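Hi,

Here is the structure I promised to pass on. My notes follow it.

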Amino acid sequence: MASTFLTLKGVSVQIGNTRLLDQLDWTIRRGEQWAITGPSGSGKTVLAHTLLGTHFYTGTITAATRRIAMVEQQHRFKNRPGTTQLYYQQRFNASDADQTITVAQELADAGWDGADGLWLDSLHVRPLLTRPLIQLSNGENKRTQLAIAMLQSPELLILDNPFLGLDAEGRATLHTIINHIAAKNIQLLLITSPHEIPDSITNIARLNQGKWVFMGARSAFHPTEKEDGVQLDPGILAQLRQEALDNAGPSFTAAVKMINTNIRYGDAIILQNINWEVLKGECWNVSGPNGAGKSTLLSLITADNPQAYANDIWLFDRRRGSGESIWDIKKRIGFVSPELHLYFDTAVSGFEVVASGLFDTIGLFRQINEQQEALVRLWMQLLSLQDLQTRRLVQLSTGQQRMVLLARALIKNPPMLILDEPCQGLDDEQTARFRNLITILCKTFGTTLIYVSHYRQELPACIDHFLQLDKGAIVNV
């Protein structure tokens, strides 16, 4: 029998008044490769950080090594020394984007001495060395994070939801890389969806509310499918419908119209000859591989990209640059994206996150009146987020954070929703509920929808128009 690599006995973690891990026992033997699944907020990431020594715990943890590295599910960009802090729109401003450090500098900060390294080639990172971090695609960023982790020569590598945000090709590449790492006799602990488990994983454990509900060989694990049915309180919907009627803005025919739109940064062409029209009430899916130009396309609509003024772009029947402010545009759009999540102030409460959507700010910086407060509570009730109102964003699981940010996008009941990978970080049940919720809202209020996802099964049923990008050009519409 293989020797024991890691043992947990009666391990519990409590933060504030909330017990996040509850009397966990667990044994990992050498050569076993484990995946941990479970609903959002079940304690998966807390367990990973406990193994790293981040959280105080009771019970005992015995490990055969201290060489443990972790790849977080979110990355953090840096600026060059002596420059200002990064900000959300920076990637779309060519001169400011150059202020971020390169992949080579990030690797050097992590201990790379510039010598040839096996993992740079295995992870396909060498071609990225001169690239600024902020300009990397999700797949390129994940490989860079892995390279930094491998510089630590870990015996245990923890990967927290590494497939989030990757297109089909990126996920396939990462599966191959994970299997390659496992073949090098490095122990793996993979936090992942039950539907995204590499071939090298031998054992699976499932957490729910801080306790094990399954633990065993991969062959014995059978994930359950969630129905996407959801019932919304008709009384709340009626109130929100009246709120939308009372605060309806000017009417429009086309929410978006782009005519021969081109975006470039230096010699790099990001979008080329985009001709696209989104009529009021239409529900679109925008798809394409990582790096296809989807985020740049959305930034032209959300008023985050200054190159919009150099193109023939119309929003809500008004040409960009005809005197409107970015706030005039933003107040008519509900928006969520992985990048917005990354830059959001984690010190604010769930209630304040949702309320900030009334003003399109990343955090709440002004007083709200009684009517606005009631509206926030109404939306949080509709999305079953009442218990998160007073908890800080940093105290919530990634899935809970994303649900609160989704409520922020919906709070104005805007005429157009732009949802960029909105289900990233949600568990199966949350994803099913959200898909159905979006369909109900779009049909009830006639909302125009632009929805980005790499997963076809995540698309709401209301979507009936499709735009596919590749290398900055429309390849299918």
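At what angle do helix H5 and helix H6 pack, and how far apart are their axes? The angle is about 10° and the axes lie 12 Å apart, for H5 at residues 138-150 and H6 at 168-183. H5 is therefore roughly parallel to H6 (angles under 35 degrees count as such). Axes are lines fitted to C-alpha atoms, for helices over the stretch in contact, and angles run from 0 to 180 degrees between N-to-C directions. Helices (H or I, at least four residues) and strands (E, at least two) are DSSP runs, numbered from the N terminus.

This is a predicted model: local features need pLDDT of at least 70, side-chain atom pairs count only at pLDDT 80 or more, and totals for chains, interfaces and linings use all residues. Residues are numbered from 1 along each chain as its sequence is written, and side-chain values use heavy atoms, without hydrogens and water.

On the H5 side, Lys142, Arg143, Leu146 and Met150 meet Leu174, Ile177 and Ile181 of H6 (contact: heavy atoms within 4.5 Å).

Now the sheet. Six strands form an open sheet with mixed pairing, in the order S15-S16-S17-S12-S18-S19 (a pair needs at least two DSSP bridges). S15 (333-336) and S19 (473-476) are the edge strands. From one strand to the next, the twist averages 20°. S12 (residues 283-287) and S17 (residues 448-452) run parallel, joined by four bridges. Trp284 has Ile450 in S17 as its bridge partner.

Helix H8 (residues 294-301) packs on this sheet. H8 touches S12, S15, S16, S17 and S18, and its direction makes about 155° with that of S16.

Best wishes

Methods
Parallel < 35°, antiparallel > 145°, perpendicular 65-115°, else oblique.
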